[in-house]
Structure formats: C-alpha cells, structure tokens
Amino acid sequence: MSKNNDEYLIIRNNNKYEVIIGLEVHAQVLSESKLFSTSSTKFGSEPNTQVSLVDAAFPGMLPVINEHCIKQAVKTGIGLKATINKRSIFDRKNYFYADLPQGYQISQYKNPIVGEGSVVLDMPNGEKNIGIERLHLEQDAGKSIHDIDPQNTLVDLNRSGVALMEIVSKPDLRSLDEVNAYIKKLRSIMRYLGTCDGNMQEGSLRADVNVSVRKKGDKKLGTRCEIKNVNSIKFMQMAIDFEANRQVDVIEEGGSIDQETRLFDTKKNETRSMRSKEDAHDYRYFPDPDLLPLELNDNYIDQIKKDIPELPDEKKKRFIEKFKLSPYEANILVSDIEISKYFEEVSKNSDVKLATNWITGELFALLNEKNIEITESPISSKNLSKLINLIKDGTISGKIAKSVFEIMRDGDKDPISIVEEKGLKQQSDPKELENLINKVITENPKNVEAYKSGKDKLFGFFVGQVMKNSNGKANPKLVNEILKKKLS
Amino acid sequence: MSNITDLKLVELVDKIKKKELSSAEVTIAFIERSKKSKKLNTFISENYDNAIKKAKIFDQKPDFKKKLPGIPIAVKDLFCTKNIRTTAGSKILENFVPTYESTVTQNILDEGGIIIGKLNCDEFAMGSSNETSYFGNVQNPVSENLVPGGSSGGSSSALAAKLTPATIGTDTGGSIRQPASFTGTVGLKPTYGSCSRYGIVAFASSLDQAGPMTHDVKDCSLMLEIMSNYDTKDSTSVEFKRENYLNNLNENIKGKKIGIPKEYRVEGMPKEIDELWEKGIKIIKENGGEIIEISLPNTNYALPTYYIVAPAEASSNLARYDGVKYGFRSKGENLIDMYEKTRSEGFGDEVKRRIMIGTYVLSSGYYDAYYLKAQKVRRLIKNDFDEAYKKVDAILTPSTPSSAFKIGEKLNDPVSMYLNDIFTVPINLAGLPAISIPAGHDKKGYPLGLQVIGKAFDEQSILNIALALEKNISFKNNITDWWIK
C-alpha cells in the first residue's frame, strides 16, 4: 500500500485500487437555542434540563423556526461558495427510536437551503477543489444511554432538536490526507464565520463516511458503503483505511460489494455491517405540514453577504501579498481564525518575518506541549510583539530571547522588564567586545595560528568562546565583525 | 323567566353584564343539567367543582368588559387544557394531564370563560359518528340511539342538549359541520390559519382547524371573534385583519352572488335535502341575492384525496404516542416489542386503519402514485374554488348527504361512513371557511343542515349570509329531554 500525498492506492496481486471518499459532515449550528424551540443548547448540562414541550413532542406542540439558525446556514453556504436556495422545504424523516420524541426528524430532503458549492484544499502538491453537493438544516436527536442502568435504557433529550447543518461533499476525496485537510478546512471556514465551533470532542462536528474502491483507471464508481457517525478525523481515517482494504479483499476474492450501512468500532478498529440496503429504513419523507416552505429574498441574502468576514482563502492571499509570506507559512497562520487574529495583532507592531517564525515555532511548541488553544496562550500577543521588537532593535539576541520566552510563559510577564531585571541586555559596546575578543585570542594562540593557516572552521570556536565569556549577552553580529578584523 | 340553560350565549352574556344572573348561577345551572344527562355520555372529564369555584371568584370581582364574563363552557377533548386531563378520546392518552393550555382555550379563558369539562370525540378526531371514542358512544339528544355525528360528537350533543351554552370543536374533514348538521346546531370551520393549532392534539396538520359550535349565528360570531388570533406559536397561523364578527353581523345580502355547484347534486341523496337546498336558494333570491350556477369539476376526487392526505399526516403525527415519554405504556421484552404492544393496545381500530393507510401511501414506491398525486389533485380542487370565486361571493350546498344515522349502523362499513363527509371535505382541502346551519328536518324528524362556503378569510360574509338564512328558516329543534328521567 502506498500512502504518499499524490496517491492513496491499495495494491493487491498487482491490481491497483483507487479509494473514493465522500463525507456527510454534521455540524452543530452555533446558536443559543434549538432549531424549532427556545431551549438552550449549552453543552454539558444535567440530563433533560434543556427540554421544552416541543423538544419532548408533547401533544399539540408545534415547531417554530429559529431565524438565527437559518442565517447561520446561509452564512455557511456563502462560505462554501454555494448556491443559496431561495425556497427550501422542511420534511419529516419518519422512524421510531426512543431518543426521537416526535417519531420523526425534521430535516430537508429534496429542497435543501444550500445547493452546490466547493472547498479548496491546500495539498503539498497544489490546490485541490472538493465539490459540495448540498447543505441542509435538520434537528439532532436525543441521546440513549445504555450503560447506567442494567435493565433500562435512559434517554437524555438535551440535544433533541439542536440545529445541525449536514454538509454533503461530492465523492471527490481520494486520500486520508485529503479527508484530514477537508475536515480541517470546513471547520476553519465555519469558525471564521462563527456558524459552528467545530468542537469534535463535544460532538459539534461528526461525519458519515462514504467509501468505495475501483481499479485505477476505471471510470465507473464502485458500490459504496456508508460508515455512520464517526466523530474524529483519526477515526475517520482509520475507518476509511479498514473499509477500503476490506472492500479490496472482497473484490480480489471474486466477491462484490453490497451497498450497506456500517458502523466503525473504534476499539477493534474495524467496520461492521449495521444494515443492508434491503433492510434500509423507509423514512417516508414528506413535507412537514406544520412548517411553511422557507422563502428567502435577495435582500435578506445580500444583507448576510455584507457581514461575511474575510475567509481563510482570501486571508491567505492577502498575507502572501502584503506580508510576503510563503504559501506554506500563510496556510498555517490562516488555518484557524484565532491563530490568524493573534498573528495580525503581533505583526501589527513588529517584524512580520520574526512574528511568523516565533508564532509557528516557539509559541506553537508551547501550545502543543500544554495541549491548549491559542486563545488560552500564556503569552499575550502584546508581549510577544514586545519580545520581537527587543530582538529586532538588537537589545537582545535571538538566543537570549528564547530564555526570556521561557520566563514569559509562566505568567505572561513583560519581556522588557525581564530583560532589565535579569540584566540580559545584549553587549553591543565595541570596546567591551574588543576586550573580550582580545582575551580569547591571547588565551588560544595555537588555534589562532591554525585558523590563519586555513582552518576556517575554527572561526565558530572563537565566536563560541566570546559568547561563553559574555554569558551569551555579546551581540553576535558585532562579535563576528570584530573577530573577522582581528583575525585577518 | 325561562330556564337558564335555554338561553343562548349572547343572551347569557347580556344577563350577566346586566347583573340579572351571576356567573355562579349560570355555571351551576349547566352543571346540574349535565349531571342529569350522563346517559348522553358527552363528558370525558368533568371540571365541575373547579368551575363553580371559579364562577364564584368571578362574581366577587366581575369584569364585565370581558366577552365571556364568567360563562361556563365545555370543550372538545382534543384541546389541551392545563391541569385538566386531555385524552383525544384515546386510551393512549387516558391519563394525560397537560401542563399547558392550547391557544384557543387560552383565548376563551382570557375573555372570562370557565371550562366545565372536556367533551367526548372520535379517537384523535378520526370518525364521523363519535363511535371510535375509547370512552364510548355519544347519544344524539334528537333521538335515542342516534349518532351525534363526529368527530366533535360530544360537542354537538352537549350543545344541542343544552349542557353548555356554546362549545368548540375541530374540523379536519367536516368534524364540526357534520355533527352540527346532525344535531340542529350551528358549526363553523374557519379559514385554515385563522385559529391557532397550538395545543390541539394533531390529526392532519394541513387540514385541522378549530371552530365554534353554537345555537345560532350570533353566538357563532361572538365565539369566532374570541377564538381567532394570529399566533406565533403556530407557523401556519395567518396574520390578517380579524373582523369584529358580532358587531359587523348583518343580514343584508342584497347583491351578494351565491354559487350553486352542480357537482353537489349527488345520486341517491334524500329528497328532503334537495328540497332544503331549493328552500335556501329561494331565500337568497327573496333577499336580493343572486344565484349563479357554478362548477367545481374536481369535487369527485375530494374524498379519495382526503383519505390519502389526512391519513398520511396522521400516521406521522401519531408516531409520538410510543409509550416512551407520556401516556399509556405496555410492558415489552425490548423497545420494539414495547412500541408494538403499546400502540396495538393503546389505539383503536379506526386509528390503526388510518395509520396503516397513511404509512402505505408515504412508502417509497407508492409515494408518487398516492401522496404526491393527491397533493396535485388537492391543488386542482383549490383552483376550482379560486375559479368559482371570480364569479361568486359564497357558495351554498347541503352540509351532509344524509341526516343522522343509528348507532352501529355504519360502524362496519368505513367507506359508507367516509361518504358522510363528501360535502365538507373539499372545503378543508381548499383551506376555506364554511358554516353549517340547521335548515329543516327529514321525514324521520332528524335535523338537516345547509352549508355556506366563503372566500379565504371572509368569515364575515358567510356569517351574514347564514344569518339571513337563519332568520327566514326559523328552525326549531324538537328535543324532548328523553334522556332525563
């Protein structure tokens, strides 16, 4: 099996198989209240404390659309460069389950609010467009809990009725890396727009994964299997890898793939059949008679368009043009809206190049180590900016800056006062530096001789000695210059 | 002075406002009569003690600005009423007590009305004779062992028997107008979107509409005025200018153009109904109205369309009664087993029949041929009315193709039962307002009704036309109190 970035192929008996992937991402709409009721959507509350009569489907209760959720869906549609459908219809998807109080889910079937669009992925070998088939709004179900009571299943309806956007991609994804990039890009766009917090741990972003395989070169798509409800990128990749290999094995053994719904078992790292096409639910979709068709006018859509912030693709373009960043650097800095904000704050008052290096280097390492988001960074953008300015104006060297950074990370201290308190100011007085250099030269006559006879590499030795004697405070640039003169 | 219970709603309101009667006197009078009328089986739940308490409280500090000042009223058991059991005539909700109030009953309470009880109805409003109720048959006060119509059969019976001065029903395919016709009372189905559906146990959401049932057109106007409002809790509620229906009530129909649809002359219809219709036409003409023959060519398809659309919606609306959250639950081996037992035992035969029809017509492979086709025909039926209303202001038809029938007579013949609704169903499909008023008797002495159908949101016109008819017909209901020993 080869897994390089160009091609994700499964090879068996000299047959090369291509893997075709499509994702149905369920993104929870960022909204204070639910799609058709006024109950709160806050995560982590006591079970069944955020349930209205509508959410619990009491007799005679009726859904009333939450306009904010419509706006969020339209915003997301615009972010996905998609068609906004001015007329969409809410349908009922009928099935019985204990955590589905109405006995149907209100969703959009034939007429979704958002139509075709696309997302650009930045892959190492260039950009790739992934088609979006549609985006529709629907209600989430409640949660069945099977492991608290040995005899009974318990139901928590806090999530019942929470608004989800189902974003369906075209079967354009071809590798695990693309899946990773696609999810991250979607998440990034929605976080820029403020339409989904993208928090996978809290279940705000989950996906159903469609996988099929075909011999490389074939034009026709193979029969696909759908893997339901996978809640992390890692699990998506594991599930796809298992499922694609399983399908190849079946085909290689002369069998054929049955269209079915499968479940990914994260503990055993395998997918298992949930139900075949024959036992597929007949959801008996029909337009919900409690809700009128949703009609949006141009003015409404235009108003929303005006409020769309600069999105990652545009921001990247601007960073490259304005700050002369490399596409790679720009990508990293725009990938998350909070990172881009931090970067823009730092670079507003200090050197862009240094800002880029310090954020993607030291700061990211720190965040990784502490496993925190940039919004929780112990070093504020203001103080990082000051630190960078100290380097830029020669007050401290890059090396000293690293030790100042180490101090700053414990409580966001002002780097200027750290430098003063600890006396870390760089020695840039040429006379003092000359004294230091003279001392090193006198103490190492053999090395001086060797250097002068052509051992150029020894230059580093002298610099090192000078820096050592100055406790690292000597201005390395000046030391270099003076040393060169003295040794010539 | 005559009996309190013989007074009409507007008269009672007047007498209470003039302090000739107290709310307690009126409330107690209707409750006393109700207590003597158990044989009719009109009440599923009684709220007598609480109602008398409320009447006495009203009398201590009466607010005469209210439109129903301390007036007792019994309502169909399809309206959710806070702290009063609401069953929808079904075992599955036998012990269900809502913590909330439907918008329509809230409107009645806000105007000073006092709820004395919940009235029997066909299970989930599915039926035309009140025989599908889990709580048993209802007697028509007109004659023993006669059905009161349905699904608002408890309402029509209680009203005709004077157990309540007015009542409210719901009408999905004729459930207000047919029982009104069978009991010699007035029943109005408003335009879809006029009365809020919030808190009404749903049967078929795109057809359900609450409406008043009263002794005469005046009372009906007052009740409609109270019931109808724009309600943001119902997304299908319509914001339009609601008239002061009672104040604007006017019997002058000079120049009004009234359509007579030829498709409503069905074969095998009793002679009396034809005569009654002619009588209505004559009255219109004599009062300066103009009679115009019209055609509603798709009328024949209304009943089959209705029996696809209504069960389809019902099959989904009733999915929530699964034993999980509230209502009746049967023990089961597992979830599926519990569902099956709960719903098999909790629903009656007619409800199950309609759930099965509805599930079938929505199934993949049948959806296009049934549900989708029915929606298209529904549109054609609506277009028929739109065309007709280019020429006329309202339409006059009989309310039902026959008078009330005996209990048990049609119970095992659902198609014959469904045929009862042929004159009322098209109006629900088109979302229009229609009123049934008593117009005469058949040779058995059973009441018969005429139906006036209006333009959307033009309830005032049909009330006015109904008033003109009512004044000239001078209908008398011959009810003998046979059930009171």
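This is a predicted model: local features need pLDDT of at least 70, side-chain atom pairs count only at pLDDT 80 or more; totals for chains, interfaces and linings use all residues.

Residues are numbered from 1 along each chain as its sequence is written, while chains are lettered from A and ligands numbered from 1 in the order in which they are written.

**Stop 1: where the chains meet**

Show both chains. Here 24 residues of chain A are in contact with 33 residues of chain B (contact: C-beta atoms, placed from the backbone, within 7 Å). On chain A, the side touching chain B has 16 nonpolar, four polar and four charged residues. In that count, Ala, Val, Leu, Ile, Met, Phe, Trp, Tyr, Cys and Pro are nonpolar, Asp, Glu, Lys and Arg are charged, and the others, Gly among them, are polar.

**Stop 2: helices in chain A**

Select residues 67-79 and 176-193 of chain A, which are helices α1 and α2. (Helices are DSSP runs of H or I with at least four residues, strands are runs of E with at least two, and both are numbered from the N terminus.) Their axes are 10 Å apart and they pack at an angle of about 125°; axes are lines fitted to C-alpha atoms, for helices over the stretch in contact, and angles run from 0 to 180 degrees between N-to-C directions. That angle makes α1(A) oblique to α2(A).

Among the residues meeting here are Leu176(A) and Val179(A) of α2(A), and Ile233(A) and Met236(A) of α3(A).

**Stop 3: one side of a helix**

Which residues of α6(A) are buried? Pick Glu329(A), Ala330(A), Leu333(A) and Val334(A). (Buried is 20 or more other C-beta atoms within 10 Å of a residue's own, exposed is 12 or fewer, and partly exposed is in between, with C-beta atoms placed from the backbone.) They span an arc of only 120° around the axis, so they sit on the same side of α6(A); the arc is that of the directions from the helix axis to the C-beta atoms. An α-helix has 3.6 residues a turn, so residues three or four places apart point the same way. The buried residues of α6(A) pack against α5, α7 (337-349) and α8 (352-370) of chain A.

**Stop 4**

Go to Lys324(A), in the loop between α5 (312-323) and α6 (327-334) of chain A. Its phi is near 55°, a positive value in a residue other than glycine. Is Lys324(A) buried or exposed? Lys324(A) is exposed, with 11 other C-beta atoms within 10 Å.

Jump to Phe124(B), in the loop between β3 and α5 of chain B. Phi of Phe124(B) is also positive, near 50°, but Phe124(B) is buried, with 32 other C-beta atoms within 10 Å.

Finish at Ser151(B), in the loop between β3 (114-119) and α5 (153-160) of chain B. A cis peptide bond joins Gly150(B) to Ser151(B), with omega about 5°.

Note on methods. Two residues are in contact if their C-beta atoms, placed from the backbone, lie within 7 Å. Angles under 35 degrees count as roughly parallel, over 145 as roughly antiparallel, 65 to 115 as roughly perpendicular and the rest as oblique.
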